[in-house]
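The sequence and structure come first.

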Amino acid sequence: MAKPSWQTIKQVVYERANGCCEYCSTAEINIGQTLHIEHIVLDTGDKLENLCLACPNCNVSKAAATTAVDPETNVTVQLFHPRHQSWADHFAWSEDFSEIFGLTPVGRATISRLKMNRPRIVLARQRWVQAGYHPVVQKS
Ligand SMILES: [Zn+2]
């Protein structure tokens, strides 16, 4: 069987993620920028189980990291792995859906490393909520 084209891989990753960052849930349609195909673990290939959809901020902030420090315990832990872990097990929205809370060391470390609650994105989320565009319902 022929190896799928990169275009096909991108389409599968995009549809699997419903067009949203698999870390912070930012929807491509809300930011008007192309989301990135992120290699969860660098240098392990383009297999679908190693790829996720990420917004530019999360992708650049994560870079090659696979671990980060949990700011609550100061312990270094693995970053959230979108293929092996469930978002809802590690993260939750604030009541107004503008901030993401870390429910676990993995969640807190990932929020910190990827800067998932930086002031500009929190303000943007507030505006998206007011407009009825956030949060985008994720596929399970
Ligand atoms: Zn993101």
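## Overall fold

In what order do the elements of the protein chain run from the N terminus on? The order is α-α-β-β-α-β-β-α-β-β-α-α. That comes to 6 helices and 6 strands; helices (H or I, at least four residues) and strands (E, at least two) are DSSP runs, numbered from the N terminus. The radius of gyration, taken over C-alpha atoms, is set against a globule rule of 2.2 Å times the number of residues to the power 0.38. The chain has a radius of gyration of 15 Å, close to the 14 Å that the rule gives for 140 residues, so it is as compact as a globular protein of that length. Its C-alpha trace spans about 50 × 40 × 25 Å along the principal axes.

This is a predicted model: local features need pLDDT of at least 70, side-chain atom pairs count only at pLDDT 80 or more, and totals for chains, interfaces and linings use all residues. Residues are numbered from 1 along each chain as its sequence is written.

## Burial and contacts

A residue is buried if 20 or more other C-beta atoms lie within 10 Å of its own, exposed if 12 or fewer, and partly exposed in between; C-beta atoms are placed from the backbone. Buried residues make up 29% of the 140 residues. Two residues are in contact if their C-beta atoms, placed from the backbone, lie within 7 Å. Of the contacts with a separation of 6 or more, 60% come from residues 24 or more positions apart.

## The nonpolar core

A nonpolar core is a set of buried Ala, Val, Leu, Ile, Met, Phe, Trp, Tyr and Cys residues joined through C-beta atoms within 7 Å. The largest one holds 23 residues. Cys21, Tyr23, Cys24, Leu53, Ala54, Cys58 and Met116 touch the most other members. β2 (51-54) and α5 (105-114) each supply at least two residues of this core.

Which residues does tyrosine 23 contact, leaving aside its neighbours within four places in sequence? They are Ala54, Cys58, Phe80, Thr110, Leu114 and Met116.

β2 is covered on both faces. Leu51 and Leu53 are buried on one side, Cys52 and Ala54 on the other. In a regular strand the side chains alternate between the two faces of the sheet.

β1 (residues 36-39) runs antiparallel to β2, joined by 4 bridges; strands pair if DSSP finds at least two bridges between them. Histidine 39 has leucine 51 as its bridge partner. Leucine 53 lies 8.6 Å from arginine 16, C-alpha to C-alpha, although the two are 37 residues apart in sequence. Arginine 16 belongs to helix α1 (residues 6-16). With 16 C-beta neighbours inside 10 Å, arginine 16 is partly exposed.

## Helix α5

Why is α5 described as largely enclosed by the rest of the structure? Because 8 of its 10 residues are buried. These are Val106, Gly107, Arg108, Ala109, Thr110, Ile111, Arg113 and Leu114. They pack against α3 (56-62), β3 (67-69), β4 (76-78), α4 (87-90), β5 (91-93) and β6 (100-102).

## Backbone exceptions

Most residues other than glycine have a negative phi, and most peptide bonds are trans. Lysine 115 is partly exposed, with 16 other C-beta atoms within 10 Å. Serine 25 also has a positive phi, near 70°, and sits in the loop between α1 and α2 (28-31). With 23 C-beta neighbours inside 10 Å, serine 25 is buried.

A cis peptide bond joins histidine 134 and proline 135, with omega about 0°. Proline 135 falls in the segment after α6 (119-131).
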